[in-house]
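This note is meant for a colleague who is meeting the structure for the first time. Please keep the sequence and the model in view while reading the points below.

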Amino acid sequence: MTIELILFYLAATVSLVSTILALTRYNAAHALIYLIISLLASAIIFYLVGAPFAAVLEIVIYAGAIMVLFVFVVMILNLGSRGDHQEHEWLNPRMWLMPALLCLVLFLEIVYVLSFTSEGLSGVVVAPKTVGIKLFGPYVLAVEIASMLLLAGLVGAYHLGRRYLSDARGGDQ
Amino acid sequence: MSGLQLQALLPIITLSSLILIQMMFIAFARNLRLTVSISVIALLLTALSFFPMVDHLPISATPLIQLDGFALFYSGLVLLGALMVTFLSYDYLRDQGERQDEFFMLLLLSCLGALILVSSNHFASFILGLELLGVSLYTMMSYPTRGLFTLEAALKYLILSGVSSAFILFGAALIYAIEGKLGFTELAGMNHTSAASGQFILLMGSTMIFAGIMFKLSLAPFHLWTPDVYDGAPAPVTAFLATVSKGAIFALALRLFTTTGLIDLDPLLRGLSFVAMVSILAGNLLALLQDNVKRILAYSSIAHMGYLAVAFVVAGKAGGQIMAMEAASYFLFAYFLTTLLAFSVVTIMSIADHEVDTTNLGDYEGLFWRRPALAAVFTATLLSLAGIPLTAGFIGKFYIFSIGVAAEAWLLMAFVVIGSGIGIFYYLRIIFAMTKAPRTDVKIEIPTASGWVAVVLTVSLVLFGVYPSPIIDLIGELMISFG
């Protein structure tokens, strides 16, 4: 088996394990940690097949922005002394050992790739510039449709959320 | 990008910009009448913007969009469906409190998604169009006008539809892994060119896409969501789901499988025949057990999608492709008219009800005495669904039957005959219920817009059932420029 395959399967295993763990956790915060690891693992897979730009976007946008928002919301929802107690439980070694282990595998992998090879291991490397030219050249329509899709999602989420929230509060609007 | 290509994108540009204008109006001056007027204007202008390009077909504008006669015909159907649903929703939502404006914006957005789907020539626009259609539809379904009851339907549809979209994405990824291309035209003939090791993955990929599309069309082994969603969603939204959403996805499936040549894959074609037979049987048999008009219509739509799948199977056999596409197009046209009309009756019946839609068979008892005109219209619809002569539904079924006979698909034809036979029974059951003595004397108000929708649809249902040649000629002319 070649080294690229080993690296791929390692990252894929981490991604699968962390996704399954994310789905089976009872605690939302724990599930989110595993979800972030799953996203990091797919970012590594993107890097390995020669899409460094997609890998960076995966980390910056998914693991970075969106997941941090999720974590914030989840944490804001359990404030107070009960929250303190819960936070104490989160620091239990049993809780952070597994995520740390999975992250370590990914970390070793990325260190190996960066130190022994200068570029992605398989496939053709797609630079950010190529992606940009494609997106605003032949695929400009796709970008525009995606923006309409986001508009639909935004209007829908706003409308449903507002109506149900005010119902729950006993408002008449 | 040349002027011609821009012209081809004109409908999409028109509709998108009018959606934005409508959004601005909603943001600054909420007025339901104004919002609905903008919706109607947007749909009419979009329909008009197709005309300048008629002489230049087919045009491919960017790798994503291919406009030909086929796309034009289905765009027309989508716009017709959306227009009718707009009128129905106006009556349905008018007295349900304030802030109903966003509904019409979402309706236009999902209509945009459907327009992209029918002219899509690339997996990227396929998936984006599908999601645009779907995401707007989830909100429209759960639009909180009548309590939280609709939320269940929307949640069911959201989860199952999301899973099927994931299947389609994964299938597209497998095909890309073998071929390295995503455009339908570029993929043409791929099942003959790739190596034997690639064949298996290609088959896996196309089967996954196939399964995803079957789900969205609610064909039989994938139909479990249909009755609940039809039942739970507001009546105009169900009409939209049953016609525009399914019609656009069917058009896309037809284009995808014929352009890429995937339809020649033998296992796929055999699977499709099986799905068609099971759908016809399951849809018709399960409809027998129902006492709820919306659920009967849901099962009957499963059976009708089965009849459509028969045309799809015939399209895969050598020689019959263009004929099969014409038959499928006419059948779908008749299905659009009939289903829209059926749900406009359900909408009119439900408007007075503020909790849930009026769907129990008992509520329709004595309709012939309470509102003869409405009952007559509903009877015409049900006869058209059953495929009785003098209605558009008959011509559609006859068309399917004739291509099936020409292609010598005897087993499939047997199922179509058995299915139609069973179908007549439960359609007549509704008609008999309407002739019984009325339970109440409560007057049913027929609102203006929905009333006109019903009149227009009934007239065209009978007109194109008696004199179908204008539509058949139109379809024949448009199909020539396919591809």
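1. Helix 3 of chain B is the element that gives most to the lining of the second largest pocket, with nine residues. Helices (H or I, at least four residues) and strands (E, at least two) are DSSP runs, numbered from the N terminus. A pocket, on a 1 Å grid over the protein atoms alone, is an open set of points with protein on both sides within 12 Å along at least five of seven lines, whereas a cavity is a set where a 1.4 Å probe fits but cannot get out; lining residues have an atom within 4 Å of a point.

2. The model is predicted: local features need pLDDT of at least 70 and side-chain atom pairs count only at pLDDT 80 or more, while totals for chains, interfaces and linings use all residues. Residues are numbered from 1 along each chain as its sequence is written, chains are lettered from A and ligands numbered from 1 in the order in which they are written, and side-chain values use heavy atoms, with hydrogens and water left out.

3. The second largest pocket has a volume of about 710 Å³, a volume being the space filled by probe spheres set on grid points that are joined across faces, edges and corners. It is lined by 24 residues, and B:F51, B:L72, B:F73, B:G76 and B:L474 are the closest to its centre. Helix 2 (32-48), helix 3 (69-93), helix 13 (321-350) and helix 19 (469-480) of chain B each give two or more residues to this lining. By class, the lining has 20 nonpolar, three polar and one charged residues; Ala, Val, Leu, Ile, Met, Phe, Trp, Tyr, Cys and Pro count as nonpolar, Asp, Glu, Lys and Arg as charged, and the others, Gly among them, as polar.

4. The largest pocket has a volume of about 2700 Å³. Its lining comprises 47 residues, with A:F46, A:A54, B:A124, B:L169 and B:L182 nearest the centre. Two or more residues come from each of helix 3 (52-77), helix 6 (128-135) and helix 7 (140-168) of chain A, and from each of helix 5, helix 6 (149-179) and helix 8 (196-217) of chain B. Helix 6 of chain B supplies the largest share, eight residues. The classes are 33 nonpolar, nine polar and five charged.

5. Which residues line the largest cavity? They are B:H304, B:F331, B:A334, B:Y335, B:T338, B:S384, B:L385, B:G393, B:G396 and B:K397. This cavity has a volume of about 70 Å³, and helix 13 of chain B gives the most to its lining, with four residues.

6. Chain B brings 29 residues and chain A 20 residues to their contact (heavy atoms within 4.5 Å). The two chains bury about 2300 Å² between them, 78% of it on carbon and sulfur atoms; buried area is the accessible area (1.4 Å probe) lost on being put together, summed over both parts. Helix 1 (3-28), helix 4 (101-118) and helix 5 (123-141) of chain B each give two or more residues to the side of chain B that touches chain A. That side divides into 19 nonpolar, six polar and four charged residues.

7. Over all chains, the structure holds ten salt bridges. One of them joins the side chains of B:D68 and B:R255 (3.1 Å, N to O). B:D68 lies in the loop between strand 2 (65-67) and helix 3 of chain B, and B:R255 in helix 10 (residues 235-259), 187 residues apart.

Key: Salt bridge = Lys/Arg side-chain N within 4 Å of Asp/Glu carboxyl O.
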